[in-house]
Amino acid sequence: MTVPAVRDGWVTQAPTEHLLASVPPSTMVRLETRPGAYTHRGEVLLRVWPVPDSADRLRRRLESAVEISDTRTMQLRSTSGSPWPPSRGTTPRTSPGSGRGRVAGRPGRTRGGPSRRA
C-alpha cells in the first residue's frame, strides 16, 4: 500500500512515533521522503506492507501524521515535555564570525541558503 502526498509543499514533520502508532503490529512502514524535502501532490510519502484490512482508514491516519506546509520551516514536536529552546549544546552552532555561514563541523553546508547539490 502506498500513501501519496495530498498537496504540494514542504514536509515539515513526519514523527516516527505517530506513524508507528497508526499501524497494526508486525506492519512495516517505509518513509519515502524526509522532513525538509519538497513534495508534489500524488508523490509517494510512505509505503506500508503487508496491506492491512482497513487500508483506507490507515491511509487517512498516515496522511494526517505527515505534515506538509507552504514554508520550509520545520517544526519540532517535543515528546519529552521539555521546553523549547533545547538545552545548550544540542543545536548546531555556526563558526565564529560566520553570520549565516557554514555550520561548525559540517564543511560545505550553509544555513538558510539553497542546497548546492547538483
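Strand pairing

Tutor: Glycine 9 has threonine 39 of S4 as its bridge partner. Strands here are DSSP E runs of at least two residues, helices are H or I runs of at least four, and both are numbered from the N terminus. Keep in mind that this is a predicted model, where local features need pLDDT of at least 70 and side-chain atom pairs count only at pLDDT 80 or more, while totals for chains, interfaces and linings use all residues. Residues are numbered from 1 along each chain as its sequence is written, and side-chain values use heavy atoms, with hydrogens and water left out.

Student: How many bridges join S2 to S4?

Tutor: There are 2, and the strands run antiparallel. Two strands pair if DSSP finds at least two bridges between them. S2 also pairs with S6 in the antiparallel sense, over 3 bridges, with valine 11 opposite isoleucine 68.

Student: Is S2 enclosed or open?

Tutor: S2 is largely enclosed by the rest of the structure, because 4 of its 5 residues are buried. Buried means under 20% relative accessible area, exposed over 50%, and partly exposed in between (1.4 Å probe, protein chains only).

Student: What's the strand order in the open sheet?

Tutor: That sheet of 3 strands goes S1-S5-S3, with antiparallel pairing. S1 and S3 (28-31) are the edge strands, each pairing on one side only. The twist averages 20° from one strand to the next. In the S1 and S5 pair, joined by 3 bridges, valine 3 is partnered with leucine 46.

Student: OK, switching to H2. Which residues are buried there?

Tutor: Ala55, Leu58, Leu62 and Ala65, in a helix that spans residues 55-65. They line one face of H2, since they fall within an arc of 80° seen down its axis; the arc is taken from the directions from the helix axis to the C-beta atoms. Asp56, Arg57, Arg60 and Ser64 are exposed on the other side.

Student: And what covers the buried residues of H2?

Tutor: The cover includes S1, S2, H1 (16-22), S5 and S6. Contact here means heavy atoms within 4.5 Å.

Student: Where's proline 52, then?

Tutor: Proline 52 is in the loop between S5 and H2. At 13% relative accessibility, proline 52 counts as buried. Beyond its neighbours within four places in sequence, proline 52 is in contact with Pro24 and Leu58. Proline 24 is 28 residues away along the chain, with a C-alpha separation of 7.6 Å from proline 52.

Technical notes:
Axes fitted to C-alpha atoms, helices over the stretch in contact; angles between N-to-C directions.
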